[in-house]
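Here is a guided walk through one structure. Keep the sequence and the 3D view side by side as you read.

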Amino acid sequence: MSEPLVIVGNGMAAARLVDELAKVALGRYAVAVIGDEPRLAYNRVLLSSVLAGETTSQDIELRPASWWRDRGVTLKYGCVATEIDVGRRELKIENDESIPFSKLVLTTGSSPLRLNVPGADLAGVHTFRDSRDVDLLLTLAAQKKRVVVIGGGLLGLEAAYGLAKAGAPVTLVHLMNRLMERQLDAPAAALLKSLVESKGIEILLNANTASIHGETRVESVELADGRLLEADAVIFAAGIRPNIALAREAGIPVNRGMVVDDHLQTGASGIFAIGECAEHRGVCYGLVEPAYEQARVLARHLAGREASYSGSIVATNLKVSGVSVFSAGDSMGGDGSEAIVLSDINHGTYKKLVIVDGRLTGAVLIGDVADALWYLELIRTRQPTARIRADMMFGRSLATRSEAA
Amino acid sequence: MTVVNPDLRAVKTTCAYCGVGCGILATPDGRGGAAISGDPDHPANFGRLCSKGSALGETLGLTSRLLYPMIRCGKGTMERVAWSDALDHVAHRFQHIIARDGPDAVAFYLSGQLLTEDYYVANKLMKGFIGSANVDTNSRLCMASSVAGHRRAFGADTVPGCYEDFDEADLLVLVGSNAAWCHPVLNQRMLANKQKRGARIVVIDPRRTDTVGDDDLFLGLRPGTDTALFSGLLVYLADNGVLDRHYIELHTTGFDDAIARARSITSSIGATALATGLSEQDVATFFQMFANTPRVVTLYSQGVNQSAQGTDKVNAILNCHLATGRIGLPGASPFSLTGQPNAMGGREVGGLANQLAAHMGFTPPDIDRVRRFWTAPRIATHEGLKAVQMFEAIARGEIRALWVMGTNPAVSLPNADGVREALKKLELFVISENVISNDTVDAGAHVLLPAQAWGEKSGTVTNSERRISRQRAFLPSPGEAKPDWWIMGEVARRLGFGAAFSFTSAADIFREHAALSAFENAGARDFDIGALQSLSDSDFDAMAPVQWPVRQGTEPQARFFAEGGFFAKDFRARFVAPETPALRTETTAARPLRLNTGRIRDQWHTMTRTGMSPRLGQHLPEPFVEVHPDDAAKYGVADGDFARIRTDYGQCTLRVIVSERQQRGMLFAPIHWSEANATGARVGSLVAPVTDPFSGQPENKATPASIVPYEYVFRGFALSRKPLELPAHAWVARVAVNGGHGYLFADNADVAGWQSWLKSIARDDLAEYKDFGGSVYRAASFDGDRIDTCLFIGPARDAGDWNVIKDLFAADTLNHDQRRMLLSGKSVDGLANAGPIVCACFGIGRNTICDTIAAGVRSAADIGTKLKAGTNCGSCIPELKRLIAQAGTNDPEQRKLVVAN
């Protein structure tokens, strides 16, 4: 008899975990996936492409129903998990049904932050998280509604781009003095700004949203400096919060996310968490790549193999057509670091490599991201770069040719 | 390439450069340029041209030209003036100084690049009308020792042989001549002889130059020992019964003294080897070859001439030819290779301070003859000051007015720093020039007079084999440029000599020159072109190349002296007993080396013309010093690094080339660079101003010198569409490049300073690569898709590839990938180019994906299986689908195209 393994959450982390489990422990577990979204798992990363009309909502489905079936997975989607009974090792779901588990994996993801400003609950204030949001935003764009996107990070930029591409006049307001400030330095952010502006998006920096006005629905956004932006809709894209309520109520230790160890196990034995809801060594990742790495480690661990997760070196890619942005590692560079910079602003290129003690520790690339993966590999492997320093900016093929010469 | 308008006809003219005197066909393009090719009918070259001649078309631009007269005004700046004002000024000032200080207070310094007619007018004006013989020329630096040697031996400055002798000789001995680089077309002729007829070649030179072929005998003798070698040869010839007793008896004098002196210098092969530093075997081989080969031509050039014993060297060579009667015979003769296009023409008119005119000297009968011919009111009666002495007299304040025409003495004279200082003392400093700026102009000229340049001027030149050729105009005169003879004629008229200078054309002058050569000659003087004195203007225009003498009523002759007939009173040649060879200067502990100077293959003189050609800038773009590996080790200098060369006269900073071809104890540096095109590379400033007692020619090839390493931490280069002023702290060499101006530099200042400099001159569209931690800065600014200015600087040997970037700079547009890789400073040839990244997760590029699609893959999932693209985040899947769709629609069209073609 297979061991019952229940996965809460039907997103990208869950799909990858099932895939990895099928590779290393096929048949060992009877897997059930419980998800609240009313559809098969889809590629959330592509929602902005759907919004931009570059792909369709159907096309982003990760796996067909048959794929899940072939792996013996019981799929319950459109179904909310309500309680974990750690002692009884049971998961309760909406209709009071209980599902017993031997192992439980939480992949509950995260939710968009809603700013605590007056008017935040008005009709016309939206978030950009799932495919239902996308359908709503497409409707707004089709009606040429004026949209204010709040948040100049990855999500806000992709939402703004999608909306603009779909036909809406978009203003993006960002609290900080530059876009993607956690990933990009000032010149990179300035270039990104001009590239995004060239897509027809108005960008306001140092723009602190004070309140949202409107009788019954959104009419305008007021900034702290008094500026008033007319708006038919507002999208909050100013950050995410891990979905940890279920775990917290079950007494599983949480911090910002569910605290996991290097086996991705929470404070409760046999209960694991991966993806955006997990907090590993103090870090909650908001990207798909760490979730995939965690899924791979967890699958191996569940298969009884030696596997341990020591954290991810994060790389960010912005999916705005014609605007390639990549950021990895310590992209700012601080004391004791050196920076090599290539900038060709009119040509839409800015590249910065950060070096500490002769090793690549961070990279920011705008425009030319051809060697992003190589830089990421150099950062991850911490190999000395002295011999390739003169050429590494210009890519792996040149640098390795020179090194060989 | 210059596009040629078929309506424009090719003009036959001659090359602007060396003394070979190649014929050229110049076909103007109607836009100020011209297509250049060798004239197949010219007997000097039969259609061949060397690298410099071939590139003449690249040197015709007007960017650096002096286009109108200028006078230094009260504020010290040069201001444009009308011709009449400039000429009035020059005449007035000359008149004033002559009246006050006498005629010897003024001087002309001329050039082997002037035409014979210009030379004639200058000589006539100074020697016949101003009344001084202070007319000298840069030919003094070039072949004055040959002139003096010829005159001592032959009684006249006669080149006995001709170029055909190079074809017919069985042995060609090159002494102090790098003909492969300096006279390439003649060198080719010698190599053809070697190949076809098996002629042997011997190269005698302290340096193993490119003239030395694999199977040639190379005699790398110690500097200044040529006389010892040829004295040893004379002794060998005497001791082995190779002398032509009959010829010696009948046509010469002084043999006994000469052989006695030769024996005292080098009495044997062993003594010769000892004196020259050669092996006995090499010496013996050479002597045997010479002894056993009647058809021998000994060619000599600057290695012989530029010496404080240059005249003796020439005579030591001539002695061997006279003693064997090997002179003026087909394939057997001594032969002086001249350096400049019209050094010979200058000699013919007497444009040297120790000649009077038309191969006449300062003897009372000659003076009287020339005075009568010219109706000269005030003829010079004694020799004037030769170049080095002339500038020393300027430094002493004895010469108050100087008129320089077409030469750059602040670069080319020995002790060039001293010369530059001396020029500042002049009361009147007039320059007739093509260029608006060079080191001499910048040394404080008071009056600049725009002269016609090559391609605009018209007249005659004479090459090394006494062949007079027309140099013809094929371009209009730009701006207000005038012929040199016109300029001098106008000044002469203002000085009150109008009647004697009423020439209206070069033909006018040529006829008078020809008439003077024949005047009371009757075979007494070698130089006689009397048959040409009544050429019509149209005959002059159509004149074919002709070798002198061209005597009235006698058959032309190609050679001299086979049957004697020398130009001394007794019609005999003189054997000259040379002094025991010794360099004028001593090396010391502080100056342990000897500096040799010379030309490189693709540059000419001070580069005012060749420096404009991108093609010629490629060969050796930077000023350098060549050092033997042992000396390099001893003095701590390394190939590619910099070194400071010091002599008692000045210092230079040059790039080091370590070479086995260089002799131990000697340095070699090329003469071409100046302040105008490099920093601290004016090699003339190093050369000792010691001269030959007979010829006055300076010893440019053996100055005691020291070398120490000079470290530059950074190297770099800049390229720009417009001329740049690089920061003063950098060592810079300017190089002509296609599409603009190139600068190779070295520096020790902070790399960040270069960024500020570049930003101050760059356009807004700027790409930069900064690795200040690695001391690298590279930047390029763009004008559309074209590079406008770029700068590459980095640690030595890591600044970027000059040749790669130069080619990209020359291009009118850079494509996306070229611009992307430009600042790598490297060639990206052969690197795989995956194209713009489509799958960011696995770094898969568009080209890679399209290749896969082209190979038949038709779904995103299959691409994923093959390349992994799209299998992680999947965000590229839409683009993968699009690429598949595009390939599907493109394919049939491409197929159609292929079929249609």
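Predicted model: local features only at pLDDT ≥ 70, side-chain atom pairs only at ≥ 80, totals over all residues.

Contact means heavy atoms within 4.5 Å. With that in hand, start at one residue.

Asn123(B) sits in helix H3, which spans residues 116-130 of chain B. Its relative accessibility is 0%, so Asn123(B) counts as buried. What is Asn123(B) in contact with, leaving aside its neighbours within four places in sequence? The partners are Gly128(B), Val135(B), Val349(B), Gly350(B), Gly351(B), Leu356(B), Ala357(B) and Trp374(B).

Asn342(B) belongs to the loop between S13 and helix H15 (343-349) of chain B. Is Asn342(B) buried or exposed? Asn342(B) is buried, because its relative accessible area is 0%, and the cut-off for buried is under 20%. Its side chain makes polar contacts. It reaches the backbone oxygen of Leu114(B) at 2.9 Å. A polar atom of the Asn342(B) side chain also lies 3.1 Å from the backbone nitrogen of Gly345(B). Residues up to four places away in sequence aside, Asn342(B) touches Gly112(B), Leu114(B), Leu115(B), Thr116(B), Tyr119(B), Thr460(B), Val461(B) and Thr462(B).

The loop of Asn342(B) lies between S13 and H15 of chain B, and S13 leads on to a sheet. Strands of a sheet pair through backbone hydrogen bonds, either parallel or antiparallel. Which strands form the open sheet in chain B, and in what order? Five strands do, in the order S10-S9-S8-S12-S13. Their pairing is parallel. Strand S10 (217-219) and strand S13 (333-336) of chain B are the edge strands, and each pairs on one side only. From one strand to the next, the twist averages 15 degrees.

Strand S12 of chain B covers residues 296-300. Four bridges join S12(B) to S13(B), and the two run parallel. Thr298(B) has Pro334(B) as its bridge partner in S13(B). Now look across the sheet. Helix H12 of chain B, residues 280-292, lies across strand S8 (171-175), strand S9 (200-204), S10 and S12. H12(B) runs at about 120 degrees to S10(B).

Next come some backbone details in chain B. Most residues other than glycine have a negative phi, and most peptide bonds are trans. The peptide bond from Trp548(B) to Pro549(B) is cis, with omega near 5 degrees. Pro549(B) lies in the loop between strand S19 (546-547) and strand S20 (573-574) of chain B. Phe571(B) is also found in the loop between S19 and S20. Phe571(B) has a positive phi of about 60 degrees, although it is not a glycine. Phe571(B) is exposed, because its relative accessible area is 54%, and exposed means over 50%. His605(B) has a positive phi too, near 45 degrees. It is found in the loop between strand S21 (593-598) and strand S22 (624-627) of chain B. Is His605(B) buried or exposed? With a relative accessible area of 17%, His605(B) is buried.

Further along chain B is helix H25, residues 802-810. At its start, a side-chain oxygen of Asp801(B) reaches to within 2.9 Å of the backbone nitrogen of Asn803(B). The buried residues of H25(B) are Trp802(B), Val804(B), Ile805(B), Lys806(B), Leu808(B) and Phe809(B). What do the buried residues of H25(B) pack against? They pack against strand S27 (714-720), strand S28 (731-737), strand S29 (740-747), strand S32 (786-795) and helix H26 (816-822) of chain B.

Finally, turn to chain A. Chain A has ten helices and 25 strands. Its radius of gyration is 22 Å, close to the 22 Å that the globule rule gives for 405 residues, so chain A is as compact as a globular protein of that length. Its C-alpha atoms fill a box of roughly 70 × 65 × 35 Å along the principal axes. Buried residues make up 54% of the 405 residues in chain A. Among contacts in chain A between residues at least 6 apart in sequence, 60% join residues at least 24 apart.

An unreviewed UniProt entry annotates residues 5-288 of chain A as "domain: FAD/NAD(P)-binding". Over residues 5-288, chain A is 24% helix and 27% strand. The end C-alpha atoms of this stretch are 22 Å apart.

Conventions:
Residues numbered from 1 in each chain as written. Chains lettered and ligands numbered in written order. Heavy atoms only, no water. Pairing = 2+ DSSP bridges. Axes fitted to C-alpha atoms, helices over the stretch in contact; angles between N-to-C directions. Buried < 20%, exposed > 50% of the residue type's maximum accessible area, 1.4 Å probe, protein only. Polar contact = N/O pair within 3.5 Å; in protein donor to acceptor, adjacent residues only side chain to side chain. UniProt positions renumbered as here; feature names shortened; annotations may be inferred. Rg over C-alpha atoms; globule rule 2.2 N^0.38 Å.
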